Amino acid sequence: MQTISENRAFGGVQGVYAHPSDVCGCDMTFGLYLPPAAGDGPVPVLWYLSGLTCTHENAMVKAGAQGWAAEHGIALVFPDTSPRGDGIADDDAFDLGQGAGFYVNATESPWAPHFRMWDYVTGELPRLVFNDFPLDEDAQAITGHSMGGHGALTMALSLPGRFRSVSAFAPIAHPTVSDWGRKQFTAYLGADEADWAAHDATLLMRTEGFDGPMLIDQGTDDQFLDRLMPEALAGAIAERRQGAQFRMQPGYDHSYFFVASFMEDHVAFHADALYG
């Protein structure tokens, strides 16, 4: 593993690291924030999954999470959103290809050789960070924004016992029906819609639910509301009688100003679960 940078932040260290990925077949980069408490031993971990067009850097720089993570003694991991580099398939559209991995394992050409973000985020990267950093593997939580909110929810709903809590900012909530989902799932997973259901938070909520606390924030002025479909997930939560906080925040859009505005709430929410 290569250290790209390490910067002091709120008494801890914000690092950026690169490593060769066997899963993705290329070098991958991620950010990791260690709070001051990590100097005394392993600390709980909050995974943050980013949205379309993002790298590891967007949330690391814009979300304002490090100060709150330092206060609560929580590490933050910021994975990239896709494989990248020469020889890796891409598309001219912003919502397909590099920067738009959708946290699935692609089975279709030309994406299958490298676009294996589900296995990377749930398998390879955790093995790496728990081996090399003072992190508590038994105390994990997950969150994300937009496409990353989709990833956070589907991983939490699909991997019982892995995450003590889950939250999301403006998640793509029903991708098997939305324009943000049908296009990408067809490209990555093929035309058989039965193969898509495992990556739809609304469908997973109906069939699986979540065995811990859940928090979702959605701005009422989000310019992508029709694609995000929060009402579908809210309905599935109500149908299942799932314990959850689902908050429609008046006047907020889809930007990182929205994410930063409620990041304190989300870190505190996860701290309660991780230390409780």
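Predicted model: local features only at pLDDT ≥ 70, side-chain atom pairs only at ≥ 80, totals over all residues.
Aspartate 221 is placed in the loop between strand 8 and helix 7 (225–228); helices and strands here are DSSP runs numbered from the N terminus, with at least four residues of H or I for a helix and at least two of E for a strand. Setting aside residues up to four places away in sequence, aspartate 221 touches Gly251, Tyr252 and Asp253, where contact means heavy atoms within 4.5 Å.

Residues are numbered from 1 along each chain as its sequence is written, and side-chain values use heavy atoms, with hydrogens and water left out.

I turn now to the charged pairs. How many salt bridges does a search of the whole structure find? The search finds 7, a salt bridge being a side-chain nitrogen of Lys or Arg within 4 Å of a carboxyl oxygen of Asp or Glu. In general, side chains of opposite charge can pair when their charged atoms come close.

One of these pairs is lysine 183 with aspartate 95, whose closest N and O atoms are 2.7 Å apart. Lysine 183 belongs to helix 5 (residues 179–189) and aspartate 95 to the loop between strand 5 (75–79) and helix 3 (117–132), so the bridge ties together parts that are 88 residues apart in sequence. Are the two partners buried or exposed? Lysine 183 counts as partly exposed, at 36% relative accessibility, whereas aspartate 95 counts as buried, at 8%. The cut-offs are under 20% relative accessible area for buried, over 50% for exposed, and in between for partly exposed, using a 1.4 Å probe and protein chains only.

Arginine 182 pairs with glutamate 193, and the closest N and O atoms lie 2.8 Å apart. Arginine 182 is in helix 5 and glutamate 193 is in the loop between helix 5 and helix 6 (201–207), 11 residues apart. Both are partly exposed: arginine 182 has a relative accessible area of 31%, and glutamate 193 has one of 41%.

A further bridge joins the side chains of arginine 247 and aspartate 217, at 2.7 Å from N to O. This pair links strand 9 (residues 245–249), which holds arginine 247, with strand 8 (residues 214–219), which holds aspartate 217, across 30 residues. Arginine 247 is partly exposed at 24% relative accessibility, and aspartate 217 is buried at 0%. Salt bridges with shared partners bring Asp217, Arg247 and Asp265 into one network.

Histidine 266 sits in helix 9 (residues 256–275) and is buried, with 1% relative accessible area.

Next, helix 4 (residues 147–158). Why may helix 4 be described as largely enclosed by the rest of the structure? Because 11 of its 12 residues are buried, among them Met147, His150, Leu153 and Met155.

One cavity of 30 Å³ or more is found in the whole structure. On a 1 Å grid over the protein atoms alone, a cavity is a set of points where a 1.4 Å probe fits but cannot get out, and a pocket is an open set with protein on both sides within 12 Å along at least five of seven lines; lining residues have an atom within 4 Å of a point. Grid points are joined across faces, edges and corners, and a volume is the space filled by probe spheres set on the points.

The largest cavity holds about 30 Å³, and its lining includes Trp47, Gln140, Met155 and Arg162. Helix 3 and strand 6 (135–144) are the elements that give two or more residues to this lining, and helix 3 supplies the largest share, 3 residues.

The largest pocket contains about 170 Å³ of space. Its lining includes Cys54, Phe94, His145, Trp180, His254 and Tyr256, and divides into 6 nonpolar, 6 polar and no charged residues. Here Ala, Val, Leu, Ile, Met, Phe, Trp, Tyr, Cys and Pro count as nonpolar, Asp, Glu, Lys and Arg as charged, and the others, Gly among them, as polar.
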